[in-house]
Amino acid sequence: MKEILLGNMAIALGAVHAGVKVVSGYPGTPSTEVLESVVQYNRDGRIQVEWSTNEKAALEIAAGASYCGARSMVTMKQVGLNVASDPLMSLGVIGTKGGMVVVVADDPGPISSQTEQDTRHFGKFANIPVLDPSSPEEAYEMAKYAFELSEKLKLPVILRPTTKVCHSSGTVETGGSIYEYEPEGFVKDPRWVIFPPLSYRRHLEIEKQQNEISELFDSLPFNRIEGEGEYGIAAGGVTYAIVKDIVEAFGLKVTLLKSGAVFPPPNGLYEEFLNRVQRVLVLEELDPVIEEQLYQVMAIRNLQRPISGKMNGFVTPAGELKFDNTLKIIEKFLGVEMSDTAVTPPMELPMRAPVLCAGCPHRASFYAVKKAMHGKKAVFCGDIGCYTLGNGKPLEMTDTCLCMGAGITIAQGIKKAEPDTYAFAFIGDSTFFASGMTGLANAVYNQTDINVIILDNSTTAMTGHQPHPGTGRTMMGTMTQKIDIYSVAKALNVGFVERLNPFDQEKSIETVKKAAEYEGVSVLIFEAPCITLIRPQTTFRIQNCTGCRKCLREIGCPAMSVRDNRVEINDALCYGCGLCVKVCPTGCIQQEVQS
Amino acid sequence: MNIIISGVGGQGTILASKILAAGAVLEGRNARTGETIGMSQRGGCVVSHVRTGNVHSAYIPAGKAELLLSFEIFEGARCIPQLKKGGQAIINTTVITPVSTTLGKNSLDVEKVKDYISQNSHAVFVDADSIAKKCGSVKASNTVLIGVAYGLGVLDLSRESLIQAIRDNVKPKFFDLNVKAFNAGVAACEGVENHEKHG
């Protein structure tokens, strides 16, 4: 049966058909739906699936399962692999037993990420094979194959889709059967204990193995040469699909090299490609990985072909390669014009940046801290989550954002360098469990007077509402003990810990002031659920608005807009949080009476 | 066929693209969709691409879409360059004001935006939100817009395939609501046809 599947669902299905038994991960766009889709395919509960507290934990869980001979998969976004890079580097040396696939989604653009880093480098860094799908259909095939390859090589295999594979869908044959096997179980053996002499021996073996894998990749269907002509185009990932559309649409006579199993590089195939063409264009998103690999083959084989790519400035070094800019690059390379000049010019339209939702409790938390610290010298360190949107006007309550958990520790650095500053750190509940606790322990231990605001909305909101250790729910559908953030802070010896409802603005503002003046680390937990977890209880309307617009200037709620110089509330968007009522100086915002 | 669906994060554009792509697969064709998922969903611009037939990439080149379905008028205008000259645009007349505009001095000029859309496409404006509300929920505006597209005869899909695709992609308890909304969309466009379709 053929079905429309999102790339991430296709990866999940490939893993399920390959007989995966343990799946772990940490949510992160664009990777999140892989693990969630495994849950959808796991109605009989034969697969152990979990959201782990962070990517490092997740990768180690998948490794442990693999040590037992079970097929395992771990999922994360590219910056998540930075967190998991410690176990990954060592695992590349130790190796695996049951097929283990590390799904790391890259995000050219970037569209929803801090960096445009390229996970293919991690493959090279850790000597781990990398498969780079060009479509959801190929992602399915690669996911299945990755388990076989991993078992054959006794190495983890990275499957590295990019956003436009993860979040596009294709027509996938879904009727495959599930590979059945019985894992051998953990067998005690010195090979699982990493010691320097073992690492040295393994290093020799792994380097030799790289050449064998490269030869294997020469003849994989994921790597191939298509068409003919003296102009050669090498492409990988989703860019291959775009180039293929262009080649077919314009009937171009080019030799196309598709690099899908991209590390270790299929050097034999690259050499054949270089021998067939006179000049080369390399099209790939993020870093010039295929391009460097081709230069390397030319240097070793003493070949000379002019290469146009990122390294000579022919192709943009950053951002996505879409159909239209790829077409322009190919035109320049071939010296022909193909672009359609009849495209309608765009109209100038207002920007529409993402914002905190109407009724979002983070708005009330930010507003309370802003009011409490008005006129004081304060820095507000942010973190990764919906609340990063607190940087926008009119709140402007995010002065720094670096990476997961960094707010708490950046605030400590600021306090040390600038002791007369009130240093605040905002962090969400899921991020606190992922990487906030160690930073908090550091502040207590090193006696740095920071003020930590934990925005506890009972979910991992930004990535689509995943459970976490504080929610009491697991991905196996079971209930579990909630880990209480208040008790964690107390156990870490934080001297000032309070729970607050951010919509109780008076108490919140007063408590923030107390926390700021408290000498030592303070933790305030603003508890209010994400609006997606609740139904609006009431809505508000405005009568006799004087048009002062203070509500808009202060809180910038997307449910409020102006018509005929009067502010009005869109009842379809209002969640009835009532924050605007506390801001309005004339008392003209009233609760809608429910009929 | 190439279809662009645009709107504001949270309006339900992804369901519309799923239904259209699944409809094509039910008719034995290949289909692809490209979605906006992630940070942009928080009230930002969202665009879905739907392509049926044998193409390799899910993303439609500029000026090559035959149909634009927009859930919001400004986001409709933003995607006009995606549409081929004289392509069909079906635009929900709802206006969602960006917070930055609310905070700024300039107000939105809806008439100017309507003119731009009309001048550069074969445009039909529908109050899909009101129609959906009458059917039971504003959230069904996506099936209203699909109904309008079907009613105008611009979709290469049968009614049966679309209804089946709706059945396969919405929760069972919302199926009747969405079929009602689809039918209301078809009915609404019968009225539109006389006045605006060729206007």
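Which residues in H18(A) are buried? This is a predicted model, so keep that in mind as you click through.

**Stop one: helix H18.** Select residues 505-517 of chain A. The buried ones are A:Gln505, A:Ser508, A:Ile509, A:Thr511, A:Val512, A:Ala515 and A:Ala516. Now look down the axis of H18(A): those buried residues sit within an arc of 170°, so they line one face of the helix.

**Stop two: a helix pair.** Select H15 (residues 406-417) and H16 (residues 429-445), both in chain A. Their axes come within 7 Å and cross at roughly 25°; with angles under 35 degrees counting as roughly parallel, H15(A) and H16(A) are therefore roughly parallel to each other. Show side chains for the contact: H15(A) brings A:Ile408, A:Thr409 and A:Gln412, while H16(A) brings A:Phe432, A:Gly436, A:Gly439, A:Leu440, A:Asn442 and A:Ala443. Colour them by type and you get 4 nonpolar, 5 polar and no charged residues.

**Stop three: A:Gln114.** Find A:Gln114 in the loop between strand E5 (100-105) and helix H6 (120-126) of chain A. A:Gln114 is partly exposed, at 32% relative accessible area. Leaving aside residues up to four places away in sequence, A:Gln114 touches A:Lys77, A:Val79, A:Ile384, A:Leu402, A:Cys403 and A:Met404.

Notes. Residues numbered from 1 in each chain as written. Chains lettered and ligands numbered in written order. Predicted model: local features only at pLDDT ≥ 70, side-chain atom pairs only at ≥ 80, totals over all residues. Heavy atoms only, no water. Axes fitted to C-alpha atoms, helices over the stretch in contact; angles between N-to-C directions. Helix = DSSP H or I, 4+ residues; strand = E, 2+ residues; numbered from the N terminus. Parallel < 35°, antiparallel > 145°, perpendicular 65-115°, else oblique. Contact = heavy atoms within 4.5 Å. Nonpolar A, V, L, I, M, F, W, Y, C, P; charged D, E, K, R; others polar. Expected span 1.5 Å × (residues − 1). Buried < 20%, exposed > 50% of the residue type's maximum accessible area, 1.4 Å probe, protein only. Arc of directions from axis to C-beta.
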